[in-house]
Amino acid sequence: MTEKLGFGVDIGGSGIKGGVVDLETGELVGERFKVDTPQPSTPQACAQVAREVIDHFSWEGPVGITVPAVVTNGIVRSAANIAPEWIGTDANALFGSTLDRPVTVLNDADAAGLAEDRYGAGRDFDGVILLLTLGTGIGSALIYRGTLVPNTEFGHIEVDGKEAEHRAASSVKERRGWSYEKWAGQVSRVIREYERLIWPDLIIVGGGISRKADKWVPLLDVRTQVIAAKLLNTAGIVGAAQAARSR
């Protein structure tokens, strides 16, 4: 291990992936390694897979780990797309003992936001950045001049009587067979509510659908500049490694 390298593990509902990160560039050193998320995705089962991912690289240093959940002071407070047994789990203690090394555990969207702010679409931007991951639900990260406001969970804000992610997640588009134009109308509706509440200077959109941003971002009817994320499926790994090194 050198001073410029870090390691991140990104735990998702379908896969647990990790890799070595060059913390000067935000790029992975070599390929990432991915293992299917165990079913049921209990805390101990996921911790064992995280160990498998780390051992694949013979990594011996500290590790950053993302989970699709609210995390406060190392305690998991919610469970999105993972087993409900996660709620109340001391993730710092669990991963620290299973991996036998210093760990930093954070929300997956927060990790992606940190990575995009430092290395990706938000690099060198001086203002309030809102990152939105549009997938099964809507994840969010709010960052100002490199400082993260953790666990924002803007996907659960009610917009005209319905949770934002039930209105505008990309899974809603797929399930209902909407055109990009129709879906962009719902995304605009949600973003305008975010604009009313927090007045971001830049919105970065991530998730798989961001790869086709040219098909729908120009259709948005919002005040704020909206751009696609750059790091895509490496953002969680990179942000986790970044958070571990920061601490």
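Which residue forms a salt bridge with Glu 193? The close-ups below start with that pair, in what is a predicted model.

**View 1. Glu 193 and Arg 196 pair within helix 6.** The partner of Glu 193 is Arg 196, and the closest N and O atoms of this salt bridge are 2.7 Å apart. Both residues sit in helix 6 (residues 180-198), with a spacing of 3 residues, or about one turn of the helix.

**View 2. Asp 22 and Lys 4 form a salt bridge.** Here the side chains meet with an N to O distance of 3.3 Å. This pair links distant parts of the chain, 18 residues apart: Asp 22 belongs to strand 2 (residues 15-22), while Lys 4 lies in the segment before strand 1 (5-11). Asp 22 has a relative accessible area of 11% and is therefore buried, since that falls under 20%. Lys 4, at 35%, counts as partly exposed.

**View 3. Asp 126 and Arg 145 join two loops.** The salt bridge between Asp 126 and Arg 145 brings their closest N and O atoms to 2.7 Å. Asp 126 is found in the loop between helix 3 (108-119) and strand 9 (128-134).

**Overview. Salt bridges across the whole structure.** A search of the entire model finds 7 salt bridges, including the pair Asp 22 and Lys 4.

How values were computed:
Residues are numbered from 1 along each chain as its sequence is written. This is a predicted model: local features need pLDDT of at least 70, side-chain atom pairs count only at pLDDT 80 or more; totals for chains, interfaces and linings use all residues. Side-chain values use heavy atoms; hydrogens and water are left out. A salt bridge is a side-chain nitrogen of Lys or Arg within 4 Å of a carboxyl oxygen of Asp or Glu. Helices (H or I, at least four residues) and strands (E, at least two) are DSSP runs, numbered from the N terminus. Buried means under 20% relative accessible area, exposed over 50%, partly exposed in between (1.4 Å probe, protein chains only).
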